[in-house]
Structures are given as C-alpha cells and as structure tokens.
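Visitor: I would like to learn how to read a few local features of a model, one after another. Could you take me through them with the structure in view?

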Amino acid sequence: MTERRLPPVVARLWGREASPRYGPRPSLDLGTIVDAAIRIADRDGLEGVKMSSVAAEVGMATMSLYRYVGSKDQLLIVMADAASPEPPALHDRGWRTYLADWTRANRDFLLSRPWLLALGQHTPPAGPRSLRWLDRAIAALADTGLGYGERLHIAATLSGYAIRQAALAHALNRTTDATDSMVGLAEYADVLGQVLDPDGYPELTAAVRANAFGVSEEWVDDADFTFGLDLLLDGIQALIARGSR
C-alpha cells in the first residue's frame with residue numbers, strides 16, 4: 001500500500017520535510033522564525049503578523065522566508081501549535097479531576113494569548129503539542145469503559161467549551177472604548193435592567209432583578225466557568241454509568 005504523502009504544513013510541524021541535497025545551507029530554522037512570529041503576535045496581535053514583519057524580526061528578506069514556510073496560513077498553523085503549552089500531567093488522577101484541570105488549563109492559555117482565539121479552529125489538531133492535549137484527554141478516560149469514539153467526542157466537547165468561555169471573556173473584557181464598553185457582570189446586568197421589557201422577557205427580567213448574573217467586576221467569573229464545566233462532567237459521569245450497566 002502506498003503511503004499517503006504528508007501535507008506540507010504537517011510535514012513542517014513534525015520536521016518531516018526532506019532536506020535539499022544541493023544549494024546554500026539555510027541560515028535559520030523554522031523554530032527561530034516561528035518564535036519571532038509569536039513575539040510579534042504577543043506584542044502587536046495577530047494583525048501584526050505579516051511575512052514582511054516576521055522577516056524583519058529575524059533580519060532577512062521577505063522572499064527568503066518562503067524557503068522555510070510556504071505561506072502565511074501555514075505559518076499561522078505552526079505558530080498555533082508552538083504557542084500552546086504542554087498539557088497538564090496525567091499522573092494517577094481520576095478522569096474527572098484531570099479533565100477539569102485539563103479544560104481549565106485550556107481556557108487559561110487561550111486567555112493569556114488572545115490572538116490564538118482569532119486564528120479559529122478550522123482544521124483538526126495535527127501538531128505535536130495539540131495532539132498531546134488530545135492524547136492526554138482520551139488517556140484520562142481509558143479505564144471508564146468508553147470507546148475511543150466516545151472519548152474523542154468528549155475531548156472535543158470540553159475543548160470547545162474552553163474556547164467559547166475564553167472567547168466570551170476576552171470579547172467582553174476589551175475596553176477599547178471605555179465610554180461604550182460593558183466591563184463587568186454588574187454593569188451588564190444594569191444595562192439589561194434598563195432595556196428589558198418585563199412583558200416580552202419575563203424570566204430574563206426576573207433573573208436580572210434576582211442578581212443572577214452576579215456582581216463580578218470582571219467577565220472572568222470562575223464560579224460560572226466551574227458550573228458549566230460540572231454540567232459537562234456530570235454528563236460524562238452519566239454516560240460512563242450507563243455503559244457500566
């Protein structure tokens with residue numbers, strides 16, 4: 001059976017590209033270029049990452065950069081994997097404790113580098129670090145009796161929850177225009193209280209009056225995150241229990 005040829009970006013992620021036999025020896029490596037691109041993203045946001053700005057950061061001509069990475073899109077994919085930290089260590093923790101830590105760590109590193117959220121998740125994970133996150137999540141569920149398909153769906157669901165929570169917190173915490181931004185839960189609830197019509201939104205109005213949105217000064221409310229995460233983990237627990245019966 002003929003082995004399928006790796007897509008160029010996957011080959012780059014795993015260092016599987018064939019080295020040219022002839023020509024001048026490369027003066028840089030992909031890791032140095034990606035590190036420079038991440039520095040720019042951390043400093044200027046994703047909009048600051050251009051092939052020209054990355055080339056300037058490493059002191060080379062823009063066209064020379066294409067010897068190391070085929071396009072800006074490929075560079076962004078490699079950046080996303082390189083910017084991700086290692087997943088939490090599994091050790092001997094139970095699946096619920098570990099997956100709670102795993103999901104929280106996923107959210108936290110996205111909040112620490114909001115430009116990763118701007119990249120979106122257009123393709124399945126294919127890089128070394130992103131696949132280690134996936135591997136550890138399904139490994140935590142190895143003794144639950146769930147099949148691989150179920151475990152992969154659980155990992156995808158928890159990852160999606162972390163992404164949504166990080167994106168919401170980031171979007172609502174931005175204060176680019178201080179006179180027009182809602183910077184906390186209390187202010188948001190106050191705005192809702194002024195615009196909601198009790199006849200059209202009876203339950204939401206009652207929720208606002210009962211301070212259901214909380215009084216946090218920031219949008220990152222750990223209690224809210226934990227509540228939603230516990231709902232998901234309870235669902236996983238029910239799935240495991242159903243399978244054991």
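Visitor: How many residues does helix H6 have, and what distance does it reach from its first C-alpha to its last?

Guide: In this predicted model, the span of a helix can be set against the value expected at 1.5 Å a residue. Helix H6, which covers residues 95-112, has 18 residues and reaches 25 Å between its first and last C-alpha atoms, close to the expected 26 Å.

Visitor: Which residues of H6 are buried?

Guide: A residue counts as buried when its relative accessible area is under 20%. In H6 the buried residues are Trp95, Tyr98, Leu99, Ala100, Trp102, Thr103, Asn106, Arg107, Phe109 and Leu110.

Visitor: Why does Thr103 count as buried, and which residues does it touch?

Guide: Thr103, whose place is in helix H6, counts as buried because its relative accessibility is 0%. Leaving aside residues up to four places away in sequence, Thr103 touches Leu158, Tyr161, Ala162, Phe225 and Leu229.

Visitor: Is Arg12 buried or exposed?

Guide: Arg12, found in helix H1 (residues 8-13), counts as buried because its relative accessibility is 12%, and the cut-off is under 20%. With residues up to four places away in sequence again not counted, Arg12 touches Glu17, Leu30, Tyr68, Val69, Gly70 and Gln74.

Visitor: What is the phi of His91, and where does His91 lie?

Guide: Most residues other than glycine have a negative phi. His91, by contrast, has a positive phi, near 50 degrees, and lies in the loop between helix H5 (72-83) and H6. His91 is classed as exposed because its relative accessible area is 65%, the cut-off being over 50%.

Visitor: What is the phi of Asn211, and is Asn211 buried or exposed?

Guide: Asn211, in the loop between helix H11 (202-209) and helix H12 (222-244), has a phi near 60 degrees, a positive value in a residue other than glycine. With a relative accessible area of 53%, Asn211 is exposed.

Definitions and conventions. Residues are numbered from 1 along each chain as its sequence is written. This is a predicted model: local features need pLDDT of at least 70, side-chain atom pairs count only at pLDDT 80 or more; totals for chains, interfaces and linings use all residues. Side-chain values use heavy atoms; hydrogens and water are left out. Helices (H or I, at least four residues) and strands (E, at least two) are DSSP runs, numbered from the N terminus. The expected span of a helix is 1.5 Å times one less than its number of residues. Buried means under 20% relative accessible area, exposed over 50%, partly exposed in between (1.4 Å probe, protein chains only). Contact means heavy atoms within 4.5 Å.
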